[in-house]
Amino acid sequence: MATPNTLRLEKVTLDDFPAITAVWYAAFTDPGLRVLFPDTPGVRKWLTEANRNDFLNKPFQHYVKIVDPESTDAEGRARIVAYAKWDTAMISERGARYPAWADDMPAEACNTFFQREDNERRRVMGDTKHYYLDTLATDPDYQRRGAGSALVKWGCDLADEHGVAAYVDASKAGAPLYQRYGFVDESEPGSGDVASMVRR
């Protein structure tokens, strides 16, 4: 499953999560998000372990990655340049989205932010079965090379295969990517920088 410019889509493996965390921090530099997820060794370890735990214990969560076979990491493996986490469970089936916050994370602010995301998802989707794009991150060096598109398409194809909708909390800046795959912004007026996007 190749993407343009020799990039390749693969399933994430257990050894990938430190690199996944590095991609997350390279991709998400918004100051507001960095308040919630400060770039400290403790939070990086927490995020790596949170994703590893989901990978091992939540079979309804699917991790896929884009690798550049022409570039290698410190271990000599193809460099991970983007990844997505697609969640096929409804909120009521998923359980807690994250484990207890790390000590150097603002717990109350994190709870408020992610509760607002869940509430918005419930408002838009109700009881309609759907798959949720929990995370999509692309290293800035690899943006506009088809990596994000390939990861969105992977989840949309899975949703189509099972006859269900798809939902994502997108940034307003990132919304055009999702619109190309049939997502529509159903945010309420004045909802801020997050677009509540659904593909029915």
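## A walk through the sheet and its surroundings

In strand 4, the residue that bridges to A82 is T138. That pair makes a handy starting point for this predicted model. The two strands involved are strand 3, residues 78-87, and strand 4, residues 130-138, which are paired in the antiparallel sense over six bridges.

As a reminder, strands of a sheet pair through backbone hydrogen bonds, in either a parallel or an antiparallel way.

Strand 5, residues 165-171, runs antiparallel to strand 7, and six bridges join the two. To find this pairing in the structure, look for A170, whose bridge partner in strand 7 is A195. Strand 7 also pairs with strand 6, again in the antiparallel sense, over two bridges. Here D185 is the residue to look for, standing opposite M197 of strand 7.

How many of the six residues of strand 7 are buried? Five of them are, with under 20% relative accessible area. Strand 7 (residues 194-199) is therefore largely enclosed by the rest of the structure.

The protein chain has seven helices and seven strands. Starting at the N terminus, these elements follow one another as β-α-α-α-β-β-α-α-β-α-β-α-β-β. Among the contacts in the chain with a separation of 6 or more, 71% link residues 24 or more positions apart.

Finally, consider the overall dimensions. The C-alpha atoms fill a box of roughly 45 × 40 × 30 Å along the principal axes. Why does the radius of gyration fit a compact globule? A compact globule of 200 residues would have a value near 16 Å, and the protein chain has 16 Å, so the two agree. Of those 200 residues, 48% count as buried.

The protein chain exposes about 9,900 Å², of which carbon and sulfur atoms supply 52%.

Conventions:
Residues numbered from 1 in each chain as written. Predicted model: local features only at pLDDT ≥ 70, side-chain atom pairs only at ≥ 80, totals over all residues. Heavy atoms only, no water. Helix = DSSP H or I, 4+ residues; strand = E, 2+ residues; numbered from the N terminus. Rg over C-alpha atoms; globule rule 2.2 N^0.38 Å. Buried < 20%, exposed > 50% of the residue type's maximum accessible area, 1.4 Å probe, protein only. Contact = heavy atoms within 4.5 Å. Areas by Shrake-Rupley, 256 points an atom, 1.4 Å probe, with all protein chains shown as cover. Pairing = 2+ DSSP bridges.
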